[in-house]
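Today I am looking up a ligand and the space around it.

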Amino acid sequence: MAVERTLSIIKPDATARDITGKINAKFEGVSLRIVAQKRIRLTLAQAQAFYEVHAERSFYDELCEYMVSGPVVVQVLEGEDAISHHRDVMGATNPANAADETIRKEFGVTVQENSVHGSDSPETAAREIAFFFSQVEIAG
Ligand code: ADP
Ligand code: MG
């Protein structure tokens, strides 16, 4: 295992319910360090660009509208095997299928409003971190 960085987003359903602190406590509780963080409001163009990999999916337009419906918290998480570790802590995409103790099980509302995003590979993590953060914004 190696120390990795991954891109996390706390989504609008979670910022609306003021549970960003509870979600951050989950990350820090499993040694995923928050080495960069900012609360922002995405534009539609930014949401579309971020999720362009899903442009052909039936849920793409609805997903982008949802992601601009309120503020999000974008973060860089760092830790051993952080990319897959983070996805384990998030749980399955659909909260109904997520394992106990996971963030999506505990806080997710629907398959769309599932509270958190996490990069799914080293290549995706590099792209997604660079999408939101410059080097000088990542404190370590
Ligand atoms: P994950 O976030 O677990 O990596 P995907 O990359 O497949 O999942 O999907 C990106 C996001 O799109 C999901 O987190 C969720 O918000 C939304 N989404 C995925 N599948 C659906 C669906 N069937 N209907 C509505 N929204 C969906
Ligand atoms: Mg994904």
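What volume does the largest pocket have? I get about 570 Å³, taken as the space filled by probe spheres set on the grid points, which are joined across faces, edges and corners. For a pocket I used an open set of points on a 1 Å grid over the protein atoms alone, where a 1.4 Å probe fits, with protein on both sides within 12 Å along at least five of seven lines; lining residues have an atom within 4 Å of a point.

I noted that 22 residues line this pocket, and that Tyr51, His54, Phe59, Thr93 and His117 are the closest to its centre. Helix α7 gives the largest share of the lining, three residues.

A caution for myself: this is a predicted model, where local features need pLDDT of at least 70 and side-chain atom pairs pLDDT 80 or more, while totals for chains, interfaces and linings use all residues. Residues count from 1 along each chain, chains are lettered from A and ligands numbered from 1 as written, and side-chain values use heavy atoms, without hydrogens and water.

Ligand 1 takes the space of the largest pocket (more than half of its atoms lie within 2 Å of the grid points). Around the ligand I find residues including Lys11, Arg87 and Arg104 (a heavy atom within 4 Å).

Then I checked polar contacts (N or O pairs within 3.5 Å). An oxygen atom of ligand 1 is 2.9 Å from a side-chain N or O atom of His54, and Asn114 shows a side-chain N or O atom at 2.9 Å from a ligand oxygen.

Notes:
A polar contact is a pair of N or O atoms within 3.5 Å; within protein, one must be able to donate a hydrogen and the other to accept it, and residues adjacent in sequence count only if both atoms are side-chain atoms. Helices (H or I, at least four residues) and strands (E, at least two) are DSSP runs, numbered from the N terminus.
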